[in-house]
Amino acid sequence: ANILVLNGPNLNLLGTRQPEVYGSTTLAMVEDACKRHGAEIGLTISCAQSNHEGALIDLIHDARGTQDGIVFNAGAYTHTSIALMDAIASVELPVVEVHLSNIHAREPFRHSSYIAKVAIGQISGFGADSYRLALDALATHIRGGRP
Ligand code: DQA
């Protein structure tokens, strides 16, 4: 199966951005780990990142037909973007929402997620490991297991 690992705004700064919250692993390291873990469990991983809402929407649209699912960290757009929610609903691909930090243990404005309304599930709070857990969950889902 082909999986897109998609990262939103400010995640290009991972590793140097508030390391006490998000850890010291860079985005390149996260993407590399996703590709390696994906290969181990039979997934072909493509990676993309954008700071722009419209560009993320285009990437989600483009995933239709080429990808079997998306692991998505929408960054702060998680809490604001009806447009990203609609894009996910439109392409009908399974999406696992990912966060490095535990958004439910942080400021109240981070507790709600538009992405969660259209995702098959959410993994939040395990740092860079959140991506690996999301890939495992998506692989199980695509192979017809539950969840
Ligand atoms: C984040 C959590 C969001 O609230 C925040 O805006 C981010 C990163 C995370 O991975 O923990 O940019 O998505």
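**Notes on the predicted model**

1. D86 is found in helix α4. The model under discussion is a predicted one. With 13 C-beta neighbours inside 10 Å, D86 counts as partly exposed, because a residue is called buried at 20 or more such neighbours and exposed at 12 or fewer.

2. The UniProt annotation "binding site", from an unreviewed entry, covers N73, H79, D86, L100, S101 and R110. These positions are spread over 38 residues of sequence, and they are also spread in space, with up to 24.2 Å between C-alpha atoms.

3. H79, one of the positions under that annotation, lies in the loop between β3 and α4 (82-91). Is H79 buried or partly exposed? H79 counts as partly exposed, because 16 C-beta neighbours lie inside 10 Å. Not counting residues up to four places away in sequence, H79 touches F109, R110, S112 and S113. The C-alpha atoms of H79 and H141 are separated by 25 Å, and these two residues stand 62 residues apart along the chain.

4. Which residues are around the ligand? They are N10, N73, G75, A76, T78, H99, L100, S101, I103 and R110.

5. A second annotation deserves attention. UniProt, again in an unreviewed entry, places the feature "active site" at Y22 and H99. Although spread over 78 residues of sequence, the two cluster in space, the largest C-alpha distance being 9.2 Å.

6. Y22 lies in helix α1 (residues 19-22). Y22 counts as partly exposed because it has 19 C-beta neighbours inside 10 Å, and the threshold for a buried residue is 20 or more. Leaving aside neighbours within four places in sequence, Y22 is in contact with L14, R17, L100 and S101.

7. H99 lies in strand β4. H99 counts as buried, because 24 C-beta neighbours lie inside 10 Å. Beyond its neighbours within four places in sequence, H99 is in contact with N73, S124, G125 and S130.

8. E97 is found in strand β4 (residues 95-99). E97 is buried, with 26 other C-beta atoms within 10 Å. Its contacts, leaving aside neighbours within four places in sequence, are F72, S113, I115, A116, A119 and Q122. The C-alpha atoms of E97 and Y22 are separated by 16 Å, and the two are 75 residues apart along the chain.

9. Helix α2 (residues 27-40) has 14 residues and reaches 20 Å from its first C-alpha to its last, close to the 20 Å expected at 1.5 Å a residue. Where do its buried residues lie around the axis? The buried residues of α2 are V30, C34 and G38. They cover an arc of only 65 degrees around the axis, so they are on the same side of α2. On the other side of the helix, A28, R36, A39 and E40 are exposed.

10. The buried residues of α2 pack against β1 (2-7), β2 (44-49) and α5 (129-142). After α2 comes G42, whose phi is positive, near 80 degrees.

11. Helix α5 has 14 residues and reaches 20 Å from its first C-alpha to its last, close to the 20 Å expected at 1.5 Å a residue. The buried residues of α5 are S130, Y131, R132, A134, L135, A137, L138 and A139. What covers them includes β1, α2, β3 (69-73), β4 and β5 (121-124). S130, one of these buried residues, is among the contacts of H99. The helix is followed by G144, whose phi is positive, near 95 degrees.

Notes:
Residues are numbered from 1 along each chain as its sequence is written. This is a predicted model: local features need pLDDT of at least 70, side-chain atom pairs count only at pLDDT 80 or more; totals for chains, interfaces and linings use all residues. Helices (H or I, at least four residues) and strands (E, at least two) are DSSP runs, numbered from the N terminus. The expected span of a helix is 1.5 Å times one less than its number of residues. The arc is that of the directions from the helix axis to the C-beta atoms. Two residues are in contact if their C-beta atoms, placed from the backbone, lie within 7 Å. UniProt positions are given in the numbering used here, feature names are shortened, and annotations may be inferred rather than shown by experiment. A residue is near a molecule or strand if its C-beta atom, placed from the backbone, lies within 6 Å of it.
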